[in-house]
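User: I would like to learn how to read a few features of a protein model, one at a time. Please give the general idea and then the case at hand.
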Amino acid sequence: MKRLYSAKALHFMDFTSAKTYILQRLRTELSEKLTYHSYQHTLEVLRAVKEIADAEKIFGEALHLLETAAAFHDAGFLRTYQEHEQAGCLIAREQLPRFGYSDKQISRICEMILSTRIPQSPGSHLAKILCDADLYYLGQDDFYATGQSLFHEFRERGIVNNEEEWNRLQVRFLESHQYFTRTAIERRAMRKAQHLAEVKAIVDSYAA
């Protein structure tokens with residue numbers, strides 16, 4: 001009986017249309033000043049989610065819920081910068097029922113979205129996958145290029161004023177960050193540690 005319920009839930013959950021809806025809004029409505037938290041970032045998180053989920057053997061309804069959370073995880077930037085995770089949950093609760101998502105499914109999606117708030121605090125396996133996907137770039141070869149897009153966004157908002165402040169912030173963040181899934185640890189942690197050492201060397205070069 002439980003298996004029949006799961007199949008029924010998956011049948012009525014129109015993930016494809018829900019993803020198309022929110023990606024269209026992100027592509028056309030996000031501020032151009034969001035150089036990091038952009039439409040492209042959401043696409044990259046979706047790709048990382050699929051990679052990690054496949055390695056972690058996540059399929060069926062759970063995968064659709066995870067991918068929905070990835071698609072909506074930064075939707076809150078359509079409304080606000082601060083507390084955007086909470087705003088994203090509100091958008092999910094407003095929009096997902098018309099795509100066949102149940103209250104229980106939406107609650108699971110919101111739990112995943114809220115877990116991406118810094119410092120990350122995932123309480124489930126799916127949330128751990130989303131958190132790792134959201135910061136997968138920390139252990140990728142495009143770390144510096146992606147970091148520059150975040151630097152420009154932070155400078156635009158007055159969070160940092162120059163590259164020295166940015167690099168010092170990066171060191172603190174990289175030192176406090178951890179990956180949660182075995183997949184991300186195996187595939188990204190070593191490269192992330194190399195990036196930390198490199199940015200530390202830059203910071204150490206600054207005059208005291």
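Analyst: Start with accessibility: buried means under 20% relative accessible area, exposed means over 50%, and partly exposed is in between. The model shown here is predicted.

User: Is Arg117 buried, exposed or partly exposed?
Analyst: Arg117 has a relative accessibility of 32%, so it counts as partly exposed.

User: Which salt bridge does Arg117 form, and what is the N to O distance?
Analyst: Side chains of opposite charge can pair when their charged atoms come close. Here the side chain of Arg117 meets that of Glu85 in a salt bridge, at 3.9 Å from N to O. Arg117 sits in the loop between α6 and α7 and Glu85 in helix α5, so this pair ties together parts 32 residues apart in sequence.

User: Is Glu85 buried or exposed?
Analyst: Glu85 is buried, because its relative accessible area is 7%.

User: Which residues are joined with Glu85 and Arg117 into one network?
Analyst: Arg168 forms a salt bridge with Glu164, with the closest N and O atoms 3.1 Å apart. The two residues are four apart in helix α9, so about one helical turn separates Arg168 from Glu164. Arg168 is partly exposed at 32%, and Glu164 is partly exposed at 33%. As for the network, salt bridges with shared partners join Glu83 to Glu85 and Arg117.

User: How many salt bridges are there by this rule?
Analyst: The count comes to 10 salt bridges. One of them joins Arg79 and Glu94, whose closest N and O atoms are 2.6 Å apart. Arg79 belongs to the loop between α4 and α5 and Glu94 to helix α5, so the bridge ties together parts that are 15 residues apart in sequence. Arg79 is partly exposed at 45% relative accessibility, and Glu94 is partly exposed with a relative accessible area of 44%.

User: Next, backbone angles. What is phi of Glu83?
Analyst: Most residues other than glycine have a negative phi, and most peptide bonds are trans. Glu83 has a positive phi, near 55°, and is not a glycine. Glu83 lies in the loop between α4 and α5 (84-95). Lys57 also has a positive phi, of about 60°, although it is not a glycine. The place of Lys57 is the loop between α3 and α4 (60-72). With a relative accessible area of 61%, Lys57 is exposed.

User: Which residues does a cis peptide bond join?
Analyst: The cis peptide bond joins Ile118 and Pro119, with omega at about 0°. Pro119 lies in the loop between α6 (103-115) and α7 (125-134).

User: Now pockets. How much space lies in the largest pocket?
Analyst: Rolling a probe the size of a water molecule over the atoms shows where empty space is left. In this model the largest pocket holds about 730 Å³. It is lined by 27 residues, of which His37, His84, Ile118, Phe154 and Phe173 are the closest to its centre. The elements that give two or more residues to this lining are α5, α8 (143-156) and α9 (163-176). The largest share, seven residues, comes from α9. By class, the lining of the largest pocket has 14 nonpolar, seven polar and six charged residues.

User: What is the volume of the second largest pocket?
Analyst: The second largest pocket has a volume of about 160 Å³. Its lining has 13 residues, and Glu44, Val45, Tyr136, Tyr137 and Gln140 lie nearest its centre. At least two lining residues come from each of α3 and α7. The largest share of this lining, five residues, is supplied by α3. The lining of the second largest pocket divides into six nonpolar, three polar and four charged residues.

User: One last residue. Where is the place of Ser31?
Analyst: Ser31 is in the loop between α2 (15-29) and α3 (39-55). At 39% relative accessibility, Ser31 counts as partly exposed. A polar atom of the Ser31 side chain lies 3.1 Å from the backbone nitrogen of Lys33. Ser31 and Leu78 are 47 residues apart along the chain, and their C-alpha atoms are separated by 7.9 Å.

Note on methods
Residues numbered from 1 in each chain as written. Predicted model: local features only at pLDDT ≥ 70, side-chain atom pairs only at ≥ 80, totals over all residues. Heavy atoms only, no water. Buried < 20%, exposed > 50% of the residue type's maximum accessible area, 1.4 Å probe, protein only. Polar contact = N/O pair within 3.5 Å; in protein donor to acceptor, adjacent residues only side chain to side chain. 1 Å grid on protein atoms, 1.4 Å probe; cavity = no way out; pocket = protein on both sides within 12 Å on 5 of 7 lines; lining within 4 Å. Points joined across faces, edges and corners; volume = space filled by probe spheres on them. Nonpolar A, V, L, I, M, F, W, Y, C, P; charged D, E, K, R; others polar. Salt bridge = Lys/Arg side-chain N within 4 Å of Asp/Glu carboxyl O.
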